[in-house]
Amino acid sequence: MSKRRPLVAGNWKMNGTRAEAAALVDGIKNGVSSASKAEVAVCPPFILVPLVAERLAGSAVVWGGQNLSVHKSGAYTGEVSGPMLKDYACTYAIVGHSERRTYYGEDDNLVAEKFAAAQSHGLVPILCIGETLAERERGQTEQVVARQLDAVLEKSGISALGSAVIAYEPVWAIGTGKTATPEQAQAVHKFIRDKLAKLDRHIAEGVRILYGGSMKGSNAKELIGQPDIDGGLIGGASLQAEEFLTICRAAD
Ligand code: PEP
């Protein structure tokens, strides 16, 4: 297990009524103690952020947004900005989730801008990168994650990774029930860390690299037990308090 503090972050995606969110977040809050080694975060849909913020205030669990605008304010209908998330005491903002890249056309440059916008408003970006199945089968995994990382490095520089989290999320494993094997995931995590180490060894050793892609209670321990896997970004399994807490305990 690594020396970095593990992080388990739940990405609720577009799920939850107020009642469901309240029950879920209370269940999670009651299962996480301030003595937990792992940091625990939840990222609800924007409209549920105020409710989650109110219920988690003063607890050991932190929260964040699933996306943010590159703009601070103004005529951008439908968008939510970094200062708005910060106003609700968000710690994190997910940027570049594969669903944003695939369904909303977010390219590497836009993701790099969102990463910079998050940091400029005091949010810690959780930068999602990862290859599709076709890219993996063509042997392009490293090339793809390197390209996705380079866009951020070119815009913000290596020092920006000192206050960011990376989530390696192979697209073929997200929501599919197909998890990368611990060996497959570790190989890519190591590739990412080695790439950053060429620029700054200290930052590379400190940055948390989460795995995401059908992580659940039954496979979390083996994945998070890999030397370069520092926790998980959890979709489906973060919608059930007990399942999510099992992952949190595995990271402890
Ligand atoms: C995700 O949404 O980031 C994710 C990893 O989803 P799932 O855990 O459902 O694969």
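**Exercise 1.** State how much space the second largest pocket holds, and characterise its lining.

*Solution.* Step 1: the second largest pocket holds about 170 Å³ of space, where a volume is the space filled by probe spheres set on grid points joined across faces, edges and corners. On a 1 Å grid over the protein atoms alone, a pocket is an open set of points with protein on both sides within 12 Å along at least five of seven lines, a cavity is a set where a 1.4 Å probe fits but cannot get out, and lining residues have an atom within 4 Å of a point.

Step 1: there are 16 lining residues, and Lys13, Gly175, Ser214, Gly235 and Gly236 lie nearest the centre of this pocket.

Step 2: by class, the lining comprises five nonpolar, nine polar and two charged residues. Here Ala, Val, Leu, Ile, Met, Phe, Trp, Tyr, Cys and Pro count as nonpolar, Asp, Glu, Lys and Arg as charged, and the others, Gly among them, as polar.

The model is predicted; local features need pLDDT of at least 70, side-chain atom pairs count only at pLDDT 80 or more, and totals for chains, interfaces and linings use all residues. Residues are numbered from 1 along each chain as its sequence is written, and side-chain values use heavy atoms, with hydrogens and water left out.

**Exercise 2.** Locate the ligand and identify its polar contacts (pairs of N or O atoms within 3.5 Å).

*Solution.* Step 1: the ligand sits in the second largest pocket, as more than half of its atoms lie within 2 Å of the grid points.

Step 1: a backbone N or O atom of Gly175 is 2.6 Å from a ligand oxygen. For Ser214, a polar backbone atom lies 2.7 Å from an oxygen atom of the ligand. His97 instead uses a polar side-chain atom, 2.9 Å from a ligand oxygen.

Step 2: the protein covers 96% of the 290 Å² of accessible area that the ligand has on its own (Shrake-Rupley method, 1.4 Å probe).

Step 3: the shell around the ligand divides into four nonpolar, eight polar and two charged residues.

**Exercise 3.** Which residues line the largest cavity, and what is its volume?

*Solution.* Step 1: the volume is about 40 Å³.

Step 1: the lining consists of Gly96, His97, Ser98, Arg101, Cys128, Ile129, Gly130, Gln148, Glu169 and Val171.

Step 2: by class, this lining has three nonpolar, five polar and two charged residues.

Methods. A polar contact is a pair of N or O atoms within 3.5 Å; within protein, one must be able to donate a hydrogen and the other to accept it, and residues adjacent in sequence count only if both atoms are side-chain atoms.
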